[in-house]
Amino acid sequence: MTMISRRTFMLAATAVGALAVAGVAIAEVPKLTQKDTYKVGFAQTESNNPWRIAQTNSMKAEAEKLGFQLVYTDAAGSAAKQVADVNAMIAQGVDVIFLAPREEKPLIPAVMAAKKAGIPVILLDRSVDPSLAKAGEDYLTFIGSNFVEEGKRVAEWLAKNANGKSKIIELEGTTGSSPANDRKKGFDEAIQAAGGFEIVASQTGDFARDKGRQVAEALLQAHPDADIIYAHNDEMAMGAIAALEVAGKVPGKDVLVLSIDGGKEAVQAVVDGKIAAVVECNPRFGPKAFETMLRYAKGEAIDPILVNEDKFYDASNAAAELANAY
């Protein structure tokens, strides 16, 4: 090594050390040590619907199967509480945190706090704002469905099976959440490209059944000629069915109802003819989540996005697939 190169090396090393002392973040996910058992955090967003309950049960079952201690929290629909939940997990010294972020931006401080504490984070089912936190740097990976593709699949089915129906009410999910943003984007762009359709109203129902019902009732009164309802999840779709029946309309005949999630109740509604089609959003995260964590502990490279495979239900297969729905 020449004197110049040695001096350059020493200056670079000093600069890196100074950055570390100053607390400047290094673009690297914290490591996970291989060991026999782990203390794992799972910060759930809420437990007010079958999809969330199925996801939680899958995570708990896999942790128990592996003999790991699971620190479970339920944010009860509050982004602020979920940030506090993650901070509590950090204080308890968990080895890794599985986070289902309620909203894209408000959960950034939680992700960054875990990184600063040396705890890797794996995002489940919802992501965070990619301009503020990056997979492979600030958190390990996002495991979930392709929400844009889900919305697109609904639109593509509708374009082929609308039978002259064209005026759409869209019931959006939680404002600011990645599934609501992406399911809207995928559907809206594909339905516009198909031509011949009009989204007459689009409003949040917050992924909740009762709110979906209330919003559907109001929008049906404002747009009595609407003949399609696209709901971002099953809970709002079931609420919309109740609203249609109160309005004296027949779901599946007067108004086509389309949904995403694929829970057993919604698939049964497809069998019954009340929902026209449902794109599944697989909630059984446990096996893939813990497998990914253990692969990372072994030093394997983890892709920034791990996509779940989702089924599609309509009149052609709903009866046969009903037993397999969550």
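Start by selecting helix H5 (147-161), helix H6 (178-194) and strand S11 (305-307): each gives at least two residues to the lining of the largest pocket. Helices (H or I, at least four residues) and strands (E, at least two) are DSSP runs, numbered from the N terminus. You are looking at a predicted model, where local features need pLDDT of at least 70 and side-chain atom pairs count only at pLDDT 80 or more, while totals for chains, interfaces and linings use all residues. Residues are numbered from 1 along each chain as its sequence is written, and side-chain values use heavy atoms, without hydrogens and water.

Stay with the pocket, which holds about 310 Å³ of space. Now pick Ser127, Tyr139, Phe142, Asp182 and Ile305, the closest to its centre of the 18 lining residues. Colour the lining by type and you will find 11 nonpolar, 4 polar and 3 charged residues. A pocket here is an open set of points on a 1 Å grid over the protein atoms alone, where a 1.4 Å probe fits, with protein on both sides within 12 Å along at least five of seven lines; lining residues have an atom within 4 Å of a point. The volume is the space filled by probe spheres set on the points, which are joined across faces, edges and corners.

Next, show Tyr38, Phe68, Phe98 and Phe290, a cluster linked by ring pairs (centres within 6.5 Å).

Finally, go to Thr45, in the loop between strand S1 (39-44) and helix H2 (50-66).

How values were computed
Nonpolar A, V, L, I, M, F, W, Y, C, P; charged D, E, K, R; others polar. Phe/Tyr/Trp six-rings, centres within 6.5 Å; stacked < 30°, edge-to-face > 60°.
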